[in-house]
Amino acid sequence: RTEHHFLSLLTGSLASPADENPTVAMIEAAYRALGLDARYINCDVPAAMLGDAVRGARAMGWAGFNCSIPHKLAVIAHLDALAPSAALIGAVNCVVLRDGRLVGENTDGQGFLDSLRTVAEPSGSRVTLFGAGGAARAIAVELALAGAGHITIVNRRAAPARELAELIAQRTGTQASAVPWSPHHRVDRQTDIVVNATSVGLFPNVSAMPDLDTDSLHPGMVVADVIPNPPRTGLIQAATQRGCVTLDGLGMLVNQGLISIALWTGCTADAAVMRATLEGLFSP
Ligand code: NDP
């Protein structure tokens with residue numbers, strides 16, 4: 001008689017809305033390629049039901065889950081511990097069950113860093129970061145923990161930029177400043193790495209571009225965009241034309257998924273399989 005097993009390792013996502021989130025396709029493609037008996041269940045969980053959903057995931061023995069809008073801050077109250085970078089960022093996008101305890105991680109910034117390290121070393125670098133929301137906070141904290149020299153934060157609203165600059169300057173060894181977003185903003189000539197961490201350029205507003213003077217981008221600068229859909233944003237196209245080294249938001253999305261899979265299963269997934277899945281979904 002052949003022995004059968006019918007209990008899959010369970011992971012998933014808690015968010016609302018959830019219907020447009022392609023992560024389930026990317027992660028399940030990775031599980032199949034690994035030959036893992038594991039599932040990723042995409043759940044639409046309203047804000048008021050988050051506590052019940054987390055208790056449910058714990059009761060059902062889920063290995064972990066992602067959280068997205070609107071749960072990245074609220075989930076912390078339902079966890080047993082936070083990883084150091086998630087504590088600094090103040091937001092959790094990945095929860096891992098470790099020895100019966102739910103631990104909050106933040107893999108957004110780590111995913112960005114893994115992409116960045118394929119082209120540049122963050123240590124000692126000078127960074128201009130557009131945006132001060134969740135993605136920007138995660139990226140700024142991970143860049144600082146990786147030893148970035150200076151981060152200039154440029155945001156439409158002044159207060160979040162100031163708060164993020166203060167967090168980086170006070171809690172890490174990296175210098176940080178907030179500067180106002182002037183029209184056709186010129187990127188400082190000393191900048192090594194430019195990051196768009198705003199939502200400008202995201203589908204369906206694909207022709208929108210962060211308001212910066214593309215003549216201030218120079219060959220040798222690394223220009224990264226967090227926008228995963230479409231991957232070739234207006235900024236990435238302009239930076240390519242200017243001779244910059246570019247990184248698209250798909251790389252960050254794939255890498256944060258890779259890190260989540262490693263945290264939940266201990267396995268290293270195939271980035272190419274995951275990227276191809278997303279490209280297939282996002283291609284016009
Ligand atoms: P938040 O809502 O937390 O932050 C949005 C940011 O965009 C704020 O800094 C906001 O500025 C800025 N912004 C929005 N509209 C404009 C505008 N018209 N002009 C200038 N600035 C603007 O969102 P997140 O940080 O969570 O997400 C930001 C983007 O990052 C999203 O598009 C998301 O898809 C992407 N992302 C990608 C990931 C990946 O793996 N590739 C992972 C996580 C996010 P203000 O404070 O002035 O409102």
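How far is an oxygen atom of the ligand from a polar backbone atom of Ser 199? The distance is 3.3 Å, and a polar contact here is a pair of N or O atoms within 3.5 Å.

Hi everyone, a quick word on the model. It is predicted, so local features need pLDDT of at least 70 and side-chain atom pairs count only at pLDDT 80 or more, while totals for chains, interfaces and linings use all residues. Residues are numbered from 1 along each chain as its sequence is written, and side-chain values use heavy atoms, leaving out hydrogens and water.

A nitrogen atom of it sits 2.9 Å from a polar backbone atom of Gly 249.

Now, helices. Two packed helices are described by the angle between their axes and the distance between the axes. Axes are lines fitted to C-alpha atoms over the stretch in contact, with angles from 0 to 180 degrees between N-to-C directions. Helices are DSSP runs of H or I, at least four residues, numbered from the N terminus.

Gly 249 brings us to helix α8, residues 249–265, whose axis comes within 10 Å of that of α9, residues 271–282, crossing at roughly 135 degrees. The two are therefore oblique to each other; angles under 35 degrees are roughly parallel, over 145 roughly antiparallel, 65 to 115 roughly perpendicular, and the rest oblique.

Which residues meet? Among them are Leu 250, Leu 253 and Val 254 in α8, and Met 274, Leu 278 and Phe 282 in α9, where contact means heavy atoms within 4.5 Å.

My last pair is α4, residues 108–116, and α5, residues 134–145: they pack at about 60 degrees, axes 7 Å apart. That makes α4 oblique to α5.

Conventions
Polar contact = N/O pair within 3.5 Å; in protein donor to acceptor, adjacent residues only side chain to side chain.
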